[in-house]
Amino acid sequence: MAETTLSSLSDLQANVVPAPEAPRYVQKLDKQGRAYATGKRKNAVARVWVKPGAGKITVNGRDIEAYFARPVLRMILAQPLVVAKRTGQYDLVVSVAGGGLSGQAGAVRHGLAKALTNYEPELRPALKKEGFLTRDSRVVERKKYGKRKARRSFQFSKR
């Protein structure tokens, strides 16, 4: 092991390596000026494109009120825009497949948050703090053999 001789405190400070900078996030846009991201939840996968506009949201070619009829699902979908204070400033084009409506709404929320960070990197801390950038990894547990469901057994009878 190499020994270094230090005669004063200034010698110690000269050997200190500066800490690396925090990573800089850059805007990622396609040729049409849109930001793209993929969101996932349960078995649903959503592809989300974000561009500046009047706040029009299109899901699988249909209006958001026609696709997500329940208000709770529309509220889940809009949460990243509300947290970022960008409601009505972006047009969203969403393609979603797989799973049920609840999983699809969660997938769109995840994809929208990621697309917003691609369009405006300075929104990342606010969206990350709320947990919108984290993929919810909970999925349905598989059914085991000899069981009725994943964990539920058949009813026991002593006869």
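Is Tyr67 buried or exposed at 14% relative accessibility? Tyr67 counts as buried. Buried means under 20% relative accessible area, exposed means over 50%, and partly exposed lies in between, with a 1.4 Å probe and protein chains only.

## Basis of the model

This is a predicted model: local features need pLDDT of at least 70, side-chain atom pairs count only at pLDDT 80 or more, and totals for chains, interfaces and linings use all residues. Residues are numbered from 1 along each chain as its sequence is written, and side-chain values use heavy atoms, leaving out hydrogens and water.

## Aromatic pairs

The structure holds three aromatic pairs. Rings of Phe, Tyr and Trp (its six-membered ring) pair if their centres lie within 6.5 Å; planes under 30 degrees apart count as stacked, over 60 as edge-to-face and the rest as tilted. One of the pairs joins Tyr36 and Trp49. That pair is tilted, at 5.1 Å centre to centre with 40° between the planes. Tyr36 sits in strand β1 (residues 35-41) and Trp49 in strand β2 (residues 44-52), so the pair links distant parts of the chain, 13 residues apart. Helices (H or I, at least four residues) and strands (E, at least two) are DSSP runs, numbered from the N terminus. Tyr36 is partly exposed at 34% relative accessibility. Trp49 is buried at 17%.

Tyr67 and Phe68 make an edge-to-face pair. Their centres are 5.0 Å apart, with 80° between the planes. Tyr67 is buried at 14%, and Phe68 is buried with a relative accessible area of 0%.

## His110 and its surroundings

His110 belongs to helix α4 (residues 101-119). The residue is buried, at 8% relative accessibility. The side chain of His110 reaches the backbone nitrogen of Lys40 at 3.1 Å.

Which residues is His110 in contact with, leaving aside its neighbours within four places in sequence? They are Thr38, Gly39, Lys40, Phe132, Leu133, Thr134 and Arg135. Contact means heavy atoms within 4.5 Å.

## Salt bridges

Side chains of opposite charge can pair when their charged atoms come close. The structure holds six salt bridges. A salt bridge is a side-chain nitrogen of Lys or Arg within 4 Å of a carboxyl oxygen of Asp or Glu. Arg34 bridges to Asp30, with the closest N and O atoms 3.1 Å apart. Arg34 is partly exposed at 24%. Asp30 is partly exposed at 28%.

Arg86 and Glu120 meet at 2.8 Å, N to O. This pair links distant parts of the chain, 34 residues apart. Arg86 lies in the loop between α3 (71-83) and β5 (90-97). Glu120 lies in the loop between α4 and α5 (124-130). Arg86 is buried at 19%, and Glu120 is buried at 11%.

Asp136 forms a salt bridge with Arg138, the closest N and O atoms being 2.8 Å apart. Asp136 is partly exposed, with a relative accessible area of 25%. Arg138 is exposed, at 55%. Salt bridges that share partners join Arg41, Asp136 and Arg138 into one network.

Technical notes. Polar contact = N/O pair within 3.5 Å; in protein donor to acceptor, adjacent residues only side chain to side chain.
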